[in-house]
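Q: I have a chain on the screen and would like to learn how to read it. Please take me through its features one at a time.

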Amino acid sequence: MTLDARAPDDRDRQVLDLLRGWLPGRRWYPAKGASADLSLVGTLVLPGGLSDGAQVRVLLVRAHAGSVDVVLQVPVVLEPVAPVPAGPADASDDGVLGRAGGVLVRDGAGDPRFLRAWLAAAEGPGADVDVAAARVVTGEQSNTSVVLPGTDGAPAGILKVLRTVAAGENPDIDVPRHLVGAGWDGVPAPLAWATARWTAPDGTPSTGYLGVLSAFVPGARDGFELACEAARTGTDLGALAHELGATVAGMHAALVDAYGTDAGTSPAADAPAGVPPVPATGPAAVAVALTTRLAWATAAVPALAARAAGVREVVDRVAALGSTPPRQRVHGDLHLGQVLRSGDRWFVIDFEGEPLAPLEARTRPDLALRDVAGLLRSFDYAAAVGGLGGAAADAWTASARAGLLRGYGVQDDPGQALLLRALELDKTLYEVVYEARNRPAWAPIPQAGLDRLLG
């Protein structure tokens with residue numbers, strides 16, 4: 001069922017006052033380093049009476065600071081206590097946010113009472129999970145994930161509580177549902193999902209997802225951690241990369257079955273001010289996008305001007321191609337950290353894309369090879385983090401790259417290879433700017449990749 005938000009009451013406003021000091025310390029809070037204006041959009045009261053007299057609420061909080069303007073989901077559990085003055089959290093209990101009048105306010109994300117109420121309100125096939133044994137995953141940055149063991153031998157599940165909620169489709173929920181519906185099993189199957197209706201700050205009625213419970217992949221290893229360990233121990237990654245390439249090819253085929261291909265009736269990207277719109281499809285779209293990326297990157301990192309001629313040569317070659325593959329639904333943010341290795345197979349996860357990006361940008365059809373380019377760039381980072389350098393790094397990444405491309409099926413098509421080179425250049429130019437601004441010590445990683453791509 002879809003939950004309907006109601007207007008906030010005095011208790012909700014008291015809880016919001018507690019959140020003003022708590023939210024900035026959360027890893028998923030999007031307005032770090034800024035003084036955000038926090039206000040209540042609405043409140044969801046999850047159905048079902050609790051035996052201890054507690055109540056489960058989900059506060060929809062608008063955080064507005066500069067370019068950040070989002071609606072956040074903050075589940076809380078309110079426990080009746082003896083009336084005491086409102087105050088800060090008890091430092092001895094990490095789950096307590098503080099007191100608001102006659103209730104104790106607890107963070108709801110990993111609380112069994114919230115989890116039980118969430119499952120009761122969710123749609124989907126469901127799962128037999130033990131909420132009392134829930135474990136919140138540490139290290140999450142944009143959402144909160146909770147592992148729920150199965151009961152009586154049933155498979156476990158993992159609940160992702162979406163911290164930023166938005167109206168409309170959520171790719172991290174809808175895409176796996178479509179892939180499973182198309183018969184592809186390389187993605188953890190969605191088991192339950194919850195939706196809500198609320199009124200946006202501009203007065204627009206909105207309906208969107210609150211979260212999803214998916215099948216838990218047992219014994220899984222993060223793809224990037226696995227690759228870093230392989231680099232650190234000098235273990236060749238070619239065979240595993242080959243299997244990963246085949247998995248990604250299967251995902252792309254299933255996405256075509258589920259969503260079809262795009263005829264190119266809308267722009268492929270939003271053009272910056274003063275730049276002509278990018279053509280919808282075809283080689284010209286890739287050429288113009290790479291030209292625009294080069295201009296942006298060179299303005300941010302002037303030293304890139306020395307490599308501009310090499311990038312323009314690739315632009316000219318791409319523009320001369322006769323055609324490009326049809327655009328289709330893609331992962332959109334694929335790298336080694338978005339895949340899991342369990343047993344003898346790969347799984348692809350995290351289809352949400354950038355949570356703060358507009359939904360239209362995250363669901364826009366694109367070239368499937370852009371996902372492949374993202375994985376290729378990950379190998380350079382894994383080699384560096386794993387401690388490889390010089391000829392050893394070159395040999396290790398060359399084997400991984402070749403394996404991925406063979407598995408995906410790019411090796412024997414010169415046109416695809418050129419297109420992939422352009423897409424990887426686009427990604428690498430972005431990385432050069434990102435590292436220069438945020439992690440200068442890592443700047444040599446994309447710079448070396450840029451030099452290799454330019455020959």
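A: Start with contacts, where contact means heavy atoms within 4.5 Å. The model shown here is predicted. In the protein chain, residues 24 or more positions apart account for 66% of the contacts with a separation of 6 or more.

Q: What is the mean pLDDT of the protein chain?
A: pLDDT is the predictor's confidence in each residue, from 0 to 100. The protein chain has a mean pLDDT of 90, and 91% of its residues reach 70 or more. Residues 265–276 have a pLDDT below 50, and this stretch has 17 contacts in the model beyond near neighbours in sequence. Where pLDDT is low, the predicted coordinates should not be read in detail.

Q: How many helices and strands does the protein chain have?
A: There are 12 helices and 18 strands in the protein chain. With a radius of gyration of 24 Å, close to the 23 Å that the globule rule gives for 455 residues, the protein chain is as compact as a globular protein of that length. The C-alpha trace spans about 75 × 55 × 45 Å along its principal axes.

Q: What does the surface of the protein chain come to?
A: Its accessible surface is about 19,600 Å², and carbon and sulfur atoms hold 53% of that. Of the 455 residues in the protein chain, 47% are buried.

Q: How far apart are the mean positions of the positive and negative charges of the protein chain?
A: The protein chain has 39 positive and 51 negative charges, and their mean positions are 3 Å apart.

Q: Now to single residues. Is Asp174 buried or exposed?
A: Buried means under 20% relative accessible area. Asp174 has 12% relative accessibility, so this residue counts as buried. Asp174 is placed in helix H3, which covers residues 171–181. Its contacts, apart from neighbours within four places in sequence, are Glu169, Tyr209 and Tyr259.

Q: Where is Thr397, and what is it in contact with?
A: Thr397 sits in helix H10, residues 390–408. Its relative accessible area is 5%, and therefore Thr397 is buried. When neighbours within four places in sequence are left aside, Thr397 is in contact with Phe379, Asp380 and Ala383.

Q: Where is Ser214, and which residues does it touch?
A: Ser214 is part of strand S13. With a relative accessible area of 14%, Ser214 is buried. Not counting residues up to four places away in sequence, Ser214 touches Ala156, Gly157, Ile158, Pro188, Ala189, Pro190 and Leu191.

Q: Where does Phe216 lie, and what does it touch?
A: Phe216 is in the loop between strand S13 (205–215) and strand S14 (221–222). Its relative accessibility is 31%, so Phe216 counts as partly exposed. Phe216 touches Val147, Ala156, Gly157 and Ile158, leaving out residues up to four places away in sequence. For one of these, Ala156, the separation is 60 residues in sequence and 5.3 Å in space, C-alpha to C-alpha.

Q: Where is Ser142 found?
A: Ser142 is in the loop between strand S8 (135–136) and S9. A relative accessible area of 29% makes Ser142 partly exposed. From Ser142 to Arg26 there are 116 residues in sequence and 9.5 Å in space, C-alpha to C-alpha.

Q: Backbone angles next. What is phi of Asp152, and where is its place?
A: Asp152 is not a glycine, yet its phi is positive, about 50°. Asp152 is in the loop between strand S9 (143–148) and strand S10 (157–162). Exposed means over 50% relative accessible area. Asp152, at 84%, is therefore exposed.

Q: What is phi of Asp350, and where is it found?
A: Asp350 is a residue other than glycine with a positive phi, near 55°. The loop between strand S18 (345–348) and helix H8 (359–362) holds Asp350. Its relative accessibility is 26%, so Asp350 counts as partly exposed.

Technical notes. Residues are numbered from 1 along each chain as its sequence is written. This is a predicted model: local features need pLDDT of at least 70, side-chain atom pairs count only at pLDDT 80 or more; totals for chains, interfaces and linings use all residues. Side-chain values use heavy atoms; hydrogens and water are left out. Helices (H or I, at least four residues) and strands (E, at least two) are DSSP runs, numbered from the N terminus. The radius of gyration is taken over C-alpha atoms; the globule rule is 2.2 Å times the number of residues to the power 0.38. Buried means under 20% relative accessible area, exposed over 50%, partly exposed in between (1.4 Å probe, protein chains only). Accessible areas come from the Shrake-Rupley method with a 1.4 Å probe; for residues, only the protein chains shown count as cover. Lys and Arg count as positive and Asp and Glu as negative; His and the chain ends are not counted. The place of a charge is taken as NZ of Lys, CZ of Arg, CG of Asp or CD of Glu.
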